Structure formats: C-alpha cells, structure tokens
Amino acid sequence: MRLSRRALLAATTAAASFTAAPPATAADRDRHRQLRTGFENLRASAYAPLRGQRVGIVTNPTGVTRDVRHIVDVMHADPRVELTAVFGPEHGFRGTAQAGGSEGRYDDPATGLPVYDTYLKSGQALADVFTTAGVDTVVFDIQDAGARFYTYIWTLYDCMEAAGLAGRRFVVLDRPNPVTGRSAQGPVLHKEFATFVGRQPISQAHGMTVCELARLFNGEFLSAPVPLETVLMTGWRRAEFYDASALPWVPPSPNMPTPDTALVYSGTCMFEGTNLSEGRGTTRPFELLGADGIDGRWAAAANELHLPGVHFREAYFAPTFSKFQGKTVGGVQIHVDDRAAYDPVRTGIALLVTAKRVWSGFAWRSDNWIDKLTGSTHVRTAIDAGAGTDEVVAGWQEELTAFRRIRKDYLLYK
C-alpha cells in the first residue's frame with residue numbers, strides 16, 4: 001500500500017470536495033434531510049469549482065435534475081458556467097445506442113454543443129479528444145449501477161487517466177449507489193483479466209459511489225494522479241436503496257430499466273458468460289434467466305437452497321432480441337423479498353451451480369467471457385469441478401477482505 005500517497009490524496013480530495021452546510025443538530029438533520037446530488041450542490045455553489053474554466057462534461061441520459069431536465073441543458077443556459085463540449089460514453093450522450101454501441105461525433109440539436117465519442121477510447125487517444133475539444137476541466141456525472149462490470153465506472157477511470165495525460169482538471173459529481181454502499185461483495189478482479197468490464201482489482205459489487213471510486217482510482221491505480229475535485233451529495237446514507245433518494249430513475253442503459261434491475265445485476269450479469277439468456281429482450285432483463293429446454297426443476301432446485309431474501313419462480317418468456325430471439329424458453333424469475341438480506345453475487349453463483357446441475361445443455365460461452373466478468377478462472381473452474389455455492393464463494397474471501405481494507409480509506413459517507 002502507498003500509505004503516504006493515499007493520505008496526501010485523501011487530504012487533497014477532502015479539501016477540494018464541495019457540499020452544502022447541513023442543519024445544525026442531528027435531530028434537525030433527520031427532520032429536514034433531503035438528498036441533494038453532486039450537481040445540485042454544484043449549482044448551489046454557483047458552479048464555484050468551474051469558475052473561469054472551459055468545461056466539458058462526460059454524461060448520458062441519467063445526468064438529470066430531480067425535475068428531469070438534463071444538466072447539459074441547464075448548464076448551457078446558465079451564464080455562470082462556460083460549457084463548451086459533451087463527451088458521450090457507451091450507449092451515447094442521449095442514450096440512443098444499444099449495448100456495445102455509441103453515437104459517434106455530432107452536434108447536439110438541443111444546444112448546438114459538439115458531442116465527442118469516448119466509447120472504447122482510452123489513454124492518449126482519449127486525451128487527444130479532450131485536447132481537440134479545447135476544454136480546461138472535464139466533469140463526470142453518470143448514474144452507476146454498483147457492479148464492477150457496468151462500464152461507466154471504467155469510462156470514469158479512462159477519462160481520469162486521459163485528463164491527466166492532457167493536463168486537464170477533473171471534477172466528479174456524485175450520485176447514489178442504487179443498491180446501497182453497505183459493503184463490497186464478490187470476487188476481486190485479477191489484473192491479467194482486465195478489460196472494459198473491469199480495468200482494476202475491485203470487487204464484483206463494489207458498494208461505492210462514483211466520487212468514492214474516483215478517489216480510489218486516483219489513490220491506488222492511476223500511474224499519475226489527476227488533479228481531482230469531487231462534489232459530494234448531502235443527505236445520502238450508505239444503507240439506503242435508490243427509492244429512499246426521492247430522485248427520478250432514468251435507465252442508465254437500455255437493459256437497466258429500473259432500480260430492481262440494478263439490485264440483481266451484480267449477480268445475474270454473470271449469465272452473459274453462459275449460453276442462457278440473461279433476460280435481454282424482455283421487460284425484466286437480469287431478473288429473468290432461461291434457455292430452451294429448461295423447466296421447473298431449476299426454480300425448485302434454487303428454492304431448496306433457502307437463499308436469504310429471495311425466491312425463484314418458474315418462468316417462460318420469449319426474448320425480442322439477443323439470445324433465443326423470438327423463441328419461448330424456460331427458466332426462472334428472481335423475486336427479491338428482503339433487500340437487506342439479499343446477496344446478489346452469492347445468489348448469482350447459486351443459480352449458475354443449480355442451472356448446470358439440472359440442465360444438461362448448460363455451457364459457458366466459448367470465449368470464457370465468464371472469466372472476464374468474474375475477474376479470474378475461479379468461478380468457472382470451481383463450478384466445472386462440481387463445487388457447491390459455499391465452496392465457490394469461499395474461494396474469493398481472502399482477496400475480498402484485502403479489498404475491503406483498501407476501500408475503507410476512500411469512503412465519504414456514513
């Protein structure tokens with residue numbers, strides 16, 4: 001651990017974090033508490049961290065106010081900030097592209113601002129985009145889903161690295177982790193399996209906000225820390241799910257339609273690494289799982305495990321796109337009945353184990369994509385060797401404990 005560097009960065013970030021002053025007493029805080037996002041606190045400060053800067057923002061449809069105006073439209077109309085460029089991630093700034101796609105370079109019809117494509121760009125190539133855009137400061141405001149393989153946090157990482165290379169400041173606006181920030185869960189990525197669904201060794205469910213992740217990236221993983229400022233939320237508590245925020249939910253990507261999707265995603269996205277449907281092409285992606293030839297035995301086997309906080313329903317569905325398009329398949333629907341007790345990653349492992357046991361057609365994707373999603377060969381090889389859920393989960397506990405120790409130094413909220 002680079003303790004001196006971490007302490008220095010923590011102090012720097014703390015000094016550069018902006019929040020609104022809370023009410024005076026604990027009773028007042030409870031009575032008057034309302035969550036304010038990083039953007040709300042930025043605007044309340046009259047855009048103090050951006051004063052005198054040409055600003056570019058990395059965002060997507062989730063970058064909205066609580067009355068669902070896009071922050072790009074709000075900032076563009078405000079003379080107190082000089083917004084000059086927008087940078088679109090996977091799915092695009094306005095969200096028109098499906099998984100694995102982006103919107104390319106265009107001028108935004110609503111504001112006339114140039115929109116640059118960041119998807120699959122990193123390092124010097126992305127630094128060149130920031131240079132071409134002529135910005136002094138890059139701002140990041142995107143709603144995360146709380147899972148390592150949700151690519152927006154690696155867009156954050158790549159943009160921080162590129163901003164450093166281009167000599168730009170970097171400002172992160174915070175939003176809630178929709179599935180709480182209570183704890184980190186699941187396997188930790190091994191560096192040899194690094195891809196865009198996991199650049200650095202964090203756990204599968206990280207339990208952090210984007211500002212906390214930015215501090216972690218700066219303190220642990222970037223070879224040269226970027227000049228970083230964080231604009232924090234006020235009124236958010238780590239144990240709260242998204243519905244406690246009273247904020248509108250805008251799908252961060254086409255297959256993340258509700259906070260319920262995010263709740264299961266860090267476990268069931270592992271089914272992308274199999275020949276089963278992960279529910280894409282249905283109204284309940286990642287809550288519906290299945291394949292041709294699966295029947296009620298899978299739901300029965302999963303229910304026999306008595307996993308905390310969840311039950312499984314025998315389900316049949318016909319995806320409109322992706323795997324098994326237009327074909328009726330059998331499987332399960334996940335019904336979470338106690339969010340506080342539910343462990344999405346352990347549940348996902350249990351579903352993989354039981355699917356392999358009850359369905360003879362089970363197979364991993366031929367490219368071993370499961371290894372990229374889980375961060376090592378452990379999950380695949382353990383399940384292939386006949387390991388049960390507890391044995392698979394036990395295999396990553398030492399690495400998870402080590403990550404939790406690192407993570408603790410970068411948390412910003414109680």
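**Legends to the close-up views**

**View 1. Y47 is buried, with a relative accessible area of 0%.** Buried denotes under 20% relative accessible area, exposed over 50% and partly exposed the range in between, computed with a 1.4 Å probe on protein chains only. The model is predicted: local features require pLDDT of at least 70 and side-chain atom pairs count only at pLDDT 80 or more, whereas totals for chains, interfaces and linings use all residues. Residues are numbered from 1 along each chain as its sequence is written, and side-chain values use heavy atoms, with hydrogens and water left out. The whole structure contains 16 aromatic pairs. In the pair of F39 and Y47, the ring centres are 6.3 Å apart and the planes stand at 55 degrees, so the pair is tilted. F39 is also counted as buried, at 1% relative accessibility. Rings of Phe, Tyr and Trp (its six-membered ring) pair if their centres lie within 6.5 Å; planes under 30 degrees apart are stacked, over 60 edge-to-face, and the rest tilted.

**View 2. F217 and F221 form a tilted aromatic pair.** The distance is 6.4 Å centre to centre, with 45 degrees between the planes. F217 and F221 are four residues apart in helix α7 (residues 210-221), which means that about one helical turn separates them. Both F217 and F221 are buried. Helices (H or I, at least four residues) and strands (E, at least two) are DSSP runs numbered from the N terminus.

**View 3. Strand β10 (residues 288-291) is covered on both faces.** L288 and G290 on one side, and L289 and A291 on the other, are all buried. In a regular strand, side chains alternate between the two faces of the sheet. Strand β10 runs antiparallel to strand β12 (residues 329-336), and four bridges join them; strands pair if DSSP finds at least two bridges between them. The bridge partner of A291 in β12 is G330.

**View 4. H70 lies in the loop between β1 (54-59) and α4 (71-76).** H70 is buried, with a relative accessible area of 7%. A polar atom of its side chain lies 3.3 Å from the backbone oxygen of G63. Leaving out residues up to four places away in sequence, H70 touches T59, N60, P61, G63, V64, F93 and R94, contact meaning heavy atoms within 4.5 Å.

**View 5. R339 meets both D243 and the ring of F241.** R339 forms a salt bridge with D243, the closest N and O atoms being 3.1 Å apart. This pair links distant parts of the chain, 96 residues apart: R339 is in the loop between β12 and α10 (344-358), and D243 in the loop between β9 (228-231) and α8 (259-268). R339 is partly exposed at 32% relative accessibility, while D243 is exposed, with a relative accessible area of 55%. The charged end of R339 sits over the ring of F241, 4.2 Å from its centre; this requires NZ of Lys or CZ of Arg within 6 Å of the ring centre and within 35 degrees of the ring normal.

**View 6. The side chains of D78 and R80 meet in a salt bridge.** The N to O distance is 2.9 Å. D78 is buried, with a relative accessible area of 12%, whereas R80 is partly exposed at 43%. The structure holds 23 salt bridges, each a side-chain nitrogen of Lys or Arg within 4 Å of a carboxyl oxygen of Asp or Glu.

Conventions
A polar contact is a pair of N or O atoms within 3.5 Å; within protein, one must be able to donate a hydrogen and the other to accept it, and residues adjacent in sequence count only if both atoms are side-chain atoms.
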